[in-house]
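The following paragraphs lead through selected features of the structure shown here.

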Amino acid sequence: MASAAYLETDENLEALISRIEQKSRKIETLLKQSEPVEALKTALEGSPLKTRDERCKSANWIVVHRAMMAIRDIGGMFNSLDTEYYDILMKYLYRGLSTGDRPTCDQCLKIHEKLTERAGLGCILRSLADTVNTV
């Protein structure tokens, strides 16, 4: 029997997909306004960590990936990115590295280096050890 935390109905999943689509539109607007850090914050907010539905995870990854790839000043990004985003960002960096796509991996490694300098090794350990909240 599925635990209450993971009980997902089609209605809940459709609502989640709808929120991700709205987030995607907001991110595109922010990117057009040359605000990639705000776009990344928006992409990371409300990530469907507890869902087991791959459609939701993939849809949100696409949104986060779009925002992440738009970042040019990685050092400057961390001057604007609150620490509350560090652990979730690390999870998405590992997802990006798992794609094997060269430009994605290059960007993920650049961000990973700066994030590790900023957040320390604990951020990596929390990201890898947390098997409940997945991206």
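Trp61 counts as buried because its relative accessibility is 9%, where buried means under 20% relative accessible area, exposed over 50% and partly exposed in between, computed with a 1.4 Å probe on protein chains only. The model is predicted, so local features need pLDDT of at least 70 and side-chain atom pairs count only at pLDDT 80 or more, while totals for chains, interfaces and linings use all residues. Residues are numbered from 1 along each chain as its sequence is written, and side-chain values use heavy atoms, with hydrogens and water left out.

Rings of Phe, Tyr and Trp (for Trp, the six-membered ring) pair if their centres lie within 6.5 Å; planes under 30 degrees apart count as stacked, over 60 as edge-to-face and the rest as tilted. By this rule there are two aromatic pairs. In one, the ring centres of Trp61 and Tyr92 are 6.2 Å apart and the planes meet at 10°, so the pair is stacked. This pair links distant parts of the chain, with Trp61 in helix H3 (residues 54-69) and Tyr92 in helix H5 (residues 86-98), 31 residues apart. Helices here are DSSP runs of H or I with at least four residues, numbered from the N terminus. Tyr92 is buried, since its relative accessible area is 1%. The rings of Phe78 and Tyr86 have centres 5.7 Å apart and planes at 80°, so they form an edge-to-face pair. Both Phe78 and Tyr86 are buried.

The buried residues of H5 are Tyr86, Ile88, Leu89, Met90, Lys91, Tyr92, Leu93, Arg95 and Gly96. Their cover includes H2, H3, helix H4 (74-80), H6 and helix H7 (121-129). After H5 comes Gly100, which has a positive phi near 80°.

Thr116 belongs to helix H6 (residues 102-119). With a relative accessible area of 18%, Thr116 is buried. Apart from neighbours within four places in sequence, Thr116 is in contact with Met90, Leu121 and Ile124, contact meaning heavy atoms within 4.5 Å.

Ser34 is found in the loop between helix H1 (10-32) and helix H2 (36-44). Although Ser34 is not a glycine, its phi is positive, at about 60°. Ser34 counts as exposed because its relative accessibility is 60%.

Notes. Helix = DSSP H or I, 4+ residues; strand = E, 2+ residues; numbered from the N terminus.
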